Amino acid sequence: MINKIQKLINKKNKSKIVSLSTYSKNMSSIIDNYCDLVLVGDSLGSVLYNFKSTRSVTLDMMIEHSKSVKMGIKKSLFVVDMPFKTYRNSKEALKNAKKIMSNTKCDAVKLEGGKKIINIIKNLIKNKIPVMGHLGILPQSHIGKFKYKGKNLIERNRILNDAKLLESAGVFSIVLECIETKLAKEITNTIKIPTIGIGASEYCDGQILVLDDLLGLNPINARFVKKYSNLKKVINKAVSNFTKDVKKKKFPKKKHSY
Ligand code: KIV
């Protein structure tokens, strides 16, 4: 039987890949019906915990949120981010990746970086841990305001070369975060594995967003986010109606009581 990873790879040049980053069961059980790939991203640090960067996210936080997300997944490929300082060398990376895989039952892990971590990635793959790459803006290494990548030739060549290195190391897909359009297109056309873009143009093989961003739950104003809903408004309305009902003694009614 063809496995979930091969199924994802086979989508390249055939059908666009739909991916979302989320952190809990209630959300994953909904998005699983639509997604090819569900990620528990370390973006949870800023989205849920108000951390200034993803660097404060711990392995335990990733594992606990991933266990919750896993409960809602029936069919999607399930990927978990390895957080900052959990893959500084091959030994540390393998120990932590095994811990993530065994505790969360995910299908793969995602690591940020190219050439600098290529031997670490090769060692994971040699040890049968499927790996997704991540190039462009690397939030774990980035301090300060996010700007897009690929502005000059040196940077473009480095990112393209990193993509080729990751492919030959055996990663099954690469997230391209905030990469200039022509470069994202060139990478996508050069490598045989799928690219999943976030702020990296329509030319990627698939797209990923943080679910809370597209639902309008997270106050983010990044150019790459399209808000498909204003759930904040919906929740405000529901809670305000509940408040009115309680104050006016309209809730609970007999049918809500024992
Ligand atoms: O942390 C995350 O959610 C991510 C995606 C946005 C790609 O890495």
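Visitor: What share of the chain's contacts with a separation of 6 or more is accounted for by residues 24 or more positions apart?
Guide: Two residues are in contact if their C-beta atoms, placed from the backbone, lie within 7 Å. Among the contacts in the chain with a separation of 6 or more, the part that residues 24 or more positions apart account for is 60%.

Visitor: What kind of model is this?
Guide: Residues are numbered from 1 along each chain as its sequence is written. Local features need pLDDT of at least 70, side-chain atom pairs count only at pLDDT 80 or more, and totals for chains, interfaces and linings use all residues, the model being predicted.

Visitor: How many helices and strands are there in the chain?
Guide: Helices (H or I, at least four residues) and strands (E, at least two) are DSSP runs, numbered from the N terminus. Counted in this way, the chain has 10 helices and eight strands.

Visitor: What is the radius of gyration of the chain?
Guide: This quantity is taken over C-alpha atoms, and the globule rule used for comparison is 2.2 Å times the number of residues to the power 0.38. For 258 residues the rule gives 18 Å, and the chain comes close to that value, so it is as compact as a globular protein of that length. The radius of gyration of the chain is 20 Å.

Visitor: What percentage of the residues of the chain count as buried?
Guide: A residue is buried if 20 or more other C-beta atoms lie within 10 Å of its own, exposed if 12 or fewer, and partly exposed in between, with C-beta atoms placed from the backbone. Of the 258 residues, the buried ones make up 40%.

Visitor: Which residues surround the ligand?
Guide: A residue is near a molecule or strand if its C-beta atom, placed from the backbone, lies within 6 Å of it. The shell around the ligand consists of Ser-21, Leu-39, Gly-41, Asp-42, Ser-43, Asp-81, Val-175, Ile-198, Ile-208 and Val-210.

Visitor: How do the residues of this shell divide into nonpolar, polar and charged?
Guide: Ala, Val, Leu, Ile, Met, Phe, Trp, Tyr, Cys and Pro count as nonpolar, Asp, Glu, Lys and Arg as charged, and the others, Gly among them, as polar. The shell around the ligand therefore divides into five nonpolar, three polar and two charged.

Visitor: Is Ser-21 buried or exposed?
Guide: Ser-21 lies in strand E1. Its contacts, not counting residues up to four places away in sequence, include Leu-39, Gly-41 and Ile-208. With 26 C-beta neighbours inside 10 Å, Ser-21 counts as buried.

Visitor: Which residue in E8 is the bridge partner of Ser-21?
Guide: Two strands pair if DSSP finds at least two bridges between them. Strand E1 (residues 17–21) pairs with E8 in the parallel sense over five bridges. The C-alpha atom of Ser-21 is separated by 4.6 Å from that of a residue 189 residues away along the chain, Val-210. In E8, the bridge partner of Ser-21 is Val-210.

Visitor: How many of the residues of strand E8 are buried?
Guide: Both faces of E8 are covered, with Gly-206, Ile-208 and Val-210 on one side and Gln-207 and Leu-209 on the other. Strand E8 (residues 206–210) is largely enclosed by the rest of the structure, because its buried residues number five of the five.

Visitor: Within what arc do the buried residues of helix H6 fall?
Guide: In helix H6 (residues 118–126), the buried residues are Ile-120, Ile-121 and Leu-124. They line one face of the helix, because seen down the axis of H6 they fall within an arc of 95°. The arc is that of the directions from the helix axis to the C-beta atoms. For H6, its value is 95°.

Visitor: Which exposed residues does H8 carry on the face turned away from its buried side?
Guide: In helix H8 (residues 181–190), Leu-183, Ala-184, Ile-187 and Thr-188 are buried. They cover an arc of only 135° around the axis, which puts them on the same side of H8. The face turned away from this buried side carries the exposed residues Lys-182, Asn-189 and Thr-190.

Visitor: Which peptide bond is cis?
Guide: Pro-252 has its place in the segment after helix H10 (231–247). With omega near 0°, the cis peptide bond is the one from Phe-251 to Pro-252.
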